[in-house]
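This briefing is meant for a reader who is meeting the structure for the first time. It begins with strand pairing, moves on to the ligand and metal sites, and ends with a few individual residues.

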Amino acid sequence: MKTVEIREAFLDFFEKQQHTRVASSSLVPANDPTLLFTNAGMNQFKDTFLGNDPRPYVRATSSQRCVRAGGKHNDLENVGYTARHHTFFEMLGNFSFGDYFKKEAIQFAWNFLTGTLALPPERLWVTCHVSDDEAEEIWVNEIGFPRERISRLEEDNFWQMGDTGPCGPCSEIFYDHGPEVPGGPPGSPDDDLDRYIEIWNLVFMQYNRDADGNMNPLPAPSVDTGMGLERIAAVMQHVHSNYEIDLFQTLIQAAAGLLDAADLENKSLRVIADHIRSCAFLVADGVLPGNEGRGYVLRRIIRRAIRHGNKLGASEPFFYKLVAPLAGEMGAAYPELVKLQPQIEKALLTEEEQFAKTLDKGMLILEEALDGLGGEEIPGDVVFKLYDTYGFPVDLTNDIARERGLRLDMAGYDAAMAEQRSRSQEGGSFKVDYNDILKLDGHTEFTGYDSTHGEGTVTALLQDGK
Ligand code: ATP
Ligand code: MG
Ligand code: MG
Ligand code: MG
């Protein structure tokens, strides 16, 4: 089954179960300052779960575009390292707003996977929350699922969209990609490897966590599920890695053609294929590269992609040329990609041309520093200089460091930053430390969003001619 056919089969299955098909919402969440980017299908229904936004339906289904690059769910550092994480992906979901609960949610999921998709049941594994005997009993008694393939976990089986908001215990379904892939079943020490891959999360929404950490019951127990389209496509196409599915192969081949790269399994090609999706969709949703907030996350992703192209020997702008194959692959489901193709290309090309001015020089500085390196840490003043003078976001330098088994001296970097700050304050100007706002470790705190910086409309970009 092709990826587009799986998306349609899912939505169709749930429509037949009286779910209303709802379009994907924007990657830029509406009216939600707690959220950097849309990170799950339930985001657009947050207020409905809370009882504040009644809808004309109690069951819904969607295929939601998501970006997990910053905020509570951040997978930027996983891209290129796992078979299953993207910065941009589509989340298939079915939702119940005070209508059905655990039993039906589990039955629907089981029927879709083993009925519609005809997956072999013996390849599936299940997890439930440590406290949730009810869910385990449904799996065993209603479905006939073997108890020995059910694990009871704590953190992984409690889902929350952010530090506040709707949350609850969940039950997850995993697919065993087979003994030739390293990794252990959920709950075992090496369950983070890619043999047993989580495909579907069934969240039993019961609480609203408030800013003080209190868990207040929702008006009615509800259901929110999320299944990664690319992960289930890998299963259906009998490949292990998401990057081997039809959609990604098209993008990887296009990138390989542009960069004259022969090895289609090259990690940099995978990173580029991943990043073109998040970057193109973010621009389509009105985010432009900038120095703050969402715009700076976009800039970081674009520059990472460009650096990977540079590593493969790119001598001229290439990244923007991948918008066309992407629109070819996803334009039927997302017509805005086709409609805005020229604007997206222009935004990406502009950023690419700008970074090209400093990338080679920055790499030279870095290589020189690495030649003289005593230990395993890239000195903080080098990291700072790359950031400040050559436009290398810290996570980009870190990406290079990680490839070579090195670390960054972040304390030294912070000191260099502080020194620069006090110098410029003396001079009367103040430079924002964007890397303070967007911490490397993934625990980004996004403190609000200023629409005059970093983000505008694509039309404004064209008018400015920037
Ligand atoms: P993982 O443990 O693999 O990081 P998760 O538990 O963080 O996944 P959820 O928040 O439960 O993921 O999201 C629901 C589903 O969305 C997952 O079961 C998976 O199929 C898919 N998914 C989550 N993150 C990604 C990603 N970065 N790229 C592709 N698919 C994803
Ligand atoms: Mg995750
Ligand atoms: Mg998980
Ligand atoms: Mg999960």
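Predicted model: local features only at pLDDT ≥ 70, side-chain atom pairs only at ≥ 80, totals over all residues.

Strand E4, which covers residues 124-129, is joined to strand E7 by 4 bridges, and the two strands run antiparallel.

**Strand E7 and its partners**

- Strand E7 spans residues 165-176, and because 12 of its 12 residues are buried, the strand is largely enclosed by the rest of the structure.
- Within the pairing of E4 with E7, which is joined by 4 bridges, the residue that stands opposite Phe174 of E7 is Trp125.
- Strand E6, made up of residues 158-160, also pairs with E7 in the antiparallel sense, in this case over 3 bridges, and Phe158 has Pro169 of E7 as its bridge partner.
- E6 and E7 together form a hairpin, with 4 residues lying between the two strands.
- The pairing of E7 with E8 is likewise antiparallel and extends over 10 bridges, and here Tyr175 stands opposite Ile197, a residue of E8.
- As a general point for reading these pairings, the side chains of a regular strand alternate between the two faces of the sheet.

- Glu172 lies in strand E7 and Glu198 in strand E8, so the pair ties together parts of the chain that are 26 residues apart in sequence.
- Glu198 also bridges two metal ions, namely the magnesium ion that is ligand 4 and the magnesium ion that is ligand 3, and these two ions lie 3.2 Å apart.
- Glu172 has a relative accessible area of 4% and is buried, whereas Glu198, at 26% relative accessibility, counts as partly exposed.

- An oxygen atom of ligand 1 is 2.8 Å from an N or O atom in the side chain of Asn201, and for the side chain of Arg231 the corresponding distance from an oxygen atom of the ligand is 2.9 Å.
- The side chain of Glu172 likewise has an N or O atom 3.4 Å from an oxygen atom of ligand 1.
- Taken alone, ligand 1 exposes 590 Å², and the protein buries 88% of that area.

**Residues in loops**

- Ala118 is found in the loop between helix H3 (102-116) and E4, and although this residue is not a glycine, its phi is positive, at about 55°.
- With 56% relative accessibility, Ala118 counts as exposed.
- Asp260 is found in the loop between helix H6 (246-259) and helix H7 (267-284), and its phi is near 60°, again a positive value in a residue other than glycine.
- Asp260 has a relative accessible area of 73% and is exposed.
- Gln17 has its place in the loop between helix H1 (3-16) and strand E1 (20-21), where, at 26% relative accessibility, Gln17 counts as partly exposed.
- Gln17 and Glu136 are 119 residues apart in sequence, and from C-alpha to C-alpha they are 24 Å apart in space.

**A residue in helix H14**

- Is Ser424, which has a relative accessibility of 14%, buried or exposed? Ser424 counts as buried, because buried means under 20% relative accessible area.
- Ser424 is found in helix H14, which consists of residues 410-426, and a polar atom of the Ser424 side chain lies 3.1 Å from the backbone oxygen of Arg421.

Methods
Residues numbered from 1 in each chain as written. Chains lettered and ligands numbered in written order. Heavy atoms only, no water. Polar contact = N/O pair within 3.5 Å; in protein donor to acceptor, adjacent residues only side chain to side chain. Areas by Shrake-Rupley, 256 points an atom, 1.4 Å probe, with all protein chains shown as cover. Buried < 20%, exposed > 50% of the residue type's maximum accessible area, 1.4 Å probe, protein only. Pairing = 2+ DSSP bridges. Donors = N, O, S within 2.8 Å, 3.2 Å for Na, K, Ca; no water.
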